[in-house]
Amino acid sequence: MNKLTQMRSIVAFSATAGFVFAALSAQAGPVSDKVKERGRIAVCTNVNNPPNVFIDSSGKAQGMQVDLMNDMKASLEGKMGKPLEIELVPTLPANRVEFLDRGKCDMIFTSLTVTPERQKLIQFIEPYYYAAGPGLQTKKGVSLKSWEDLKGKSVCSNQGSSWNVPLERDYGVKIIAFQTQQEVDQSLRDGRCIGLVSDDSYLQARFLTDKDGIWKDFEIQKLPAFTEGPWGLAIKFGDADFEKDLSDIVIAWHRKGTVIEAAKKWGFTPPKFSEDMQQKYKAN
């Protein structure tokens, strides 16, 4: 039995958390009507992504994004006038868009960065709900005051990372790119680069969940993000009502500071994006 199949088989936490794992494909048609009819919304997500989404020792779904899913569920229950469950559909980056397209879930709710390529395939909900910027992990004792301090230095990264081009073009960094995260990590340990660049949220999660002290000799440099990539909820094209329902929910999150509170609860440093969005919607 592979890992994805094992994840699908876990259902013990559904009674207490209002979550179940996917057993049936989401039905076609206007999503809001189908969700109300089923009493269940199917959500494609990565269930092994702590502290965003993970399954604890009791089989209960936990994490920052899970807290937001619960808030979303409560809002939809109020609109539809009936209790709902969230049906978690375990996915990976390679198959989440395919699962949505095939109707295995009603929406994607994960750390999904909005890109022009993805915007051609799926309907992102606006406003976006979160964002990630570049983060730099180094050995302890490395002193950097700005990204400009990296000029002429080697930084390890993943091939195709959105941070590679601006670091090379704008800051004179020498990018050493690898296919896998394991190769990037090992190259940092081996001293082939002064640091590794990745999403700041990914690096924060890495240290928050490092119970075995694998990274005890390393740290994240306190450098301001030179840009941020927004994360969005996503659905299929052509369902204006469902899109409006979710958009209203995200607007309320920003207005009330729900996302910021959830991020802080799970140890994240909220991005500037979240602070800007709260100010924008509190003023409206």
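1. Ala 177 is partly exposed, at 35% relative accessible area. The residue sits in strand 11, residues 174-178. Beyond its neighbours within four places in sequence, Ala 177 is in contact with Ser 157, Asn 158 and Gln 159. Take Gln 159: 18 residues separate it from Ala 177 in sequence, yet the C-alpha atoms are 5.0 Å apart. Keep in mind that this is a predicted model.

2. Two disulfides are present in the structure. Counting bonded cysteines along the chain, the pattern is 1-2, 3-4.

3. Cys 44 pairs with Cys 105, with 2.2 Å between the sulfur atoms. The S-S torsion is about -100 degrees, so the disulfide is left-handed. Cys 44 is buried at 0% relative accessibility. Cys 105 is buried too, at 3%.

4. Cys 156 is joined to Cys 193, S to S 2.1 Å. Cys 156 and Cys 193 are both buried.

5. Check the cis peptide bonds. Most peptide bonds are trans. The bond from Pro 50 to Pro 51 is cis, with omega near 0 degrees. Pro 51 is in the loop between strand 2 (40-45) and strand 3 (54-55).

6. Glu 126 and Pro 127 are also joined by a cis peptide bond, omega about 0 degrees. Pro 127 is in the loop between strand 7 (123-124) and strand 8 (130-132).

Methods. Residues numbered from 1 in each chain as written. Predicted model: local features only at pLDDT ≥ 70, side-chain atom pairs only at ≥ 80, totals over all residues. Heavy atoms only, no water. Helix = DSSP H or I, 4+ residues; strand = E, 2+ residues; numbered from the N terminus. Buried < 20%, exposed > 50% of the residue type's maximum accessible area, 1.4 Å probe, protein only. Contact = heavy atoms within 4.5 Å. Disulfide = S-S within 2.5 Å.
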